[in-house]
Amino acid sequence: MRVGLCFPSHSHDDWERKVSSALAELMPELTLLDCSRSGCLHDMAPEVLVGHENEALMAGLAAPPESLRWVQIMSAGVDRLLDAIGPGPVAFRITNVRGIHAQAMVEYLLAVLLHFEKRLGLFVDSQREKRWERPVLGQLAGKRLLVCGAGGIGLPVGSALAGLGVTVEAIARDTSPRAPFLHVHPLSALSQVIGTFDYVLCALPLTEETRGVFDRDAIGAMRDDAIFINVARGELVDEEALRASLCAGKLAGAALDAFREEPLPSDSLLWATPNLLITPHVAGRFAAGHQLGLAVLRDNMAAYLAGAPLRTEVFPQRGY
């Protein structure tokens with residue numbers, strides 16, 4: 001089988017070794033092709049393509065070769081890929097590695113919430129200034145969390161926080177009742193319910209329905225003492241509206257791990273926004289991430305070879 005690899009040139013050799021090792025037992029006759037350069041996908045004509053959402057991959061999939069049957073993206077988000085292939089029927093299957101970042105995301109959220117509740121930034125400043133200050137601290141137990149996106153990230157996040165005494169509700173396409181969520185609301189109810197929560201987590205996929213969903217109205221409906229966290233895509237959030245709320249004291253705090261423009265420009269006003277914690281799209285990163293992603297690739301390849309359902313298939317008509 002001809003399997004194309006489409007990774008940035010500086011990491012291609014490393015990924016070739018990893019993919020070859022992951023698939024060696026399944027495919028002793030594996031042929032790996034370098035499809036990392038723009039315009040080479042048609043020349044190589046792979047049956048399977050493995051890669052990241054880079055420019056070469058997206059340009060090639062805008063007009064894919066007839067040989068292509070399956071694309072494995074080695075990340076969770078696929079919105080940019082779906083934008084590149086456009087609307088209409090897709091002649092190849094698409095999978096991602098959703099689910100592998102769940103535990104890292106849970107730990108990131110806990111770190112962020114404890115950063116605000118336990119006022120860790122204040123203590124860092126106090127230590128630097130040799131100042132002994134003992135403020136009253138907050139706690140998680142008894143608070144209310146709205147998880148927007150009750151999928152592979154939202155569900156384990158909800159379970160972890162519920163286990164710490166937080167009341168957890170969700171926003172989701174499927175509003176059927178399910179643990180650990182006390183209630184599951186439709187996206188259309190966001191502005192109506194958001195004002196009853198201490199914490200709001202954005203873990204939604206980026207689709208036409210969700211783009212810009214955290215607009216001025218939704219952000220303005222949040223409580224003054226609430227904390228907002230985005231671990232999804234920057235395009236889901238009106239960053240100017242969020243900044244205005246923080247500057248006016250209309251939000252207690254926010255943490256952004258995703259931005260409309262990445263890397264965040266050095267002249268962005270977000271850098272100097274009070275009570276905003278900025279992290280450079282690292283919420284899901286951890287040392288064993290590559291190994292778990294390769295395990296998903298291996299499982300999907302075994303299913304593909306057996307003609308079975310793929311573990312992490314993406315459905316373009318849904319957007320995720």
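**Exercise 1.** Leaving aside its neighbours within four places in sequence, which residues is H101 in contact with?

*Ground rules.* You're working with a predicted model, where local features need pLDDT of at least 70, side-chain atom pairs count only at pLDDT 80 or more, and totals for chains, interfaces and linings use all residues. Residues are numbered from 1 along each chain as its sequence is written, and side-chain values use heavy atoms, with hydrogens and water left out.

*Solution.* 
- Step 1: find H101 in the loop between β5 (93-95) and α5 (102-117). Helices (H or I, at least four residues) and strands (E, at least two) are DSSP runs, numbered from the N terminus.
- Step 2: look for contacts, meaning heavy atoms within 4.5 Å. Skipping those sequence neighbours, you get A76, I153, G284 and F286.

**Exercise 2.** Work out why H101 and L33 count as buried.

*Solution.* 
- Step 1: recall the cut-offs: buried is under 20% relative accessible area, exposed is over 50%, and partly exposed is in between (1.4 Å probe, protein chains only).
- Step 2: H101 counts as buried because its relative accessibility is 18%.
- Step 3: L33 has 9%, so L33 counts as buried too.

**Exercise 3.** Describe the surroundings of L33.

*Solution.* 
- Step 1: list what L33 touches, not counting residues up to four places away in sequence: R2, V3, G4, L5, H12, M44 and P46.
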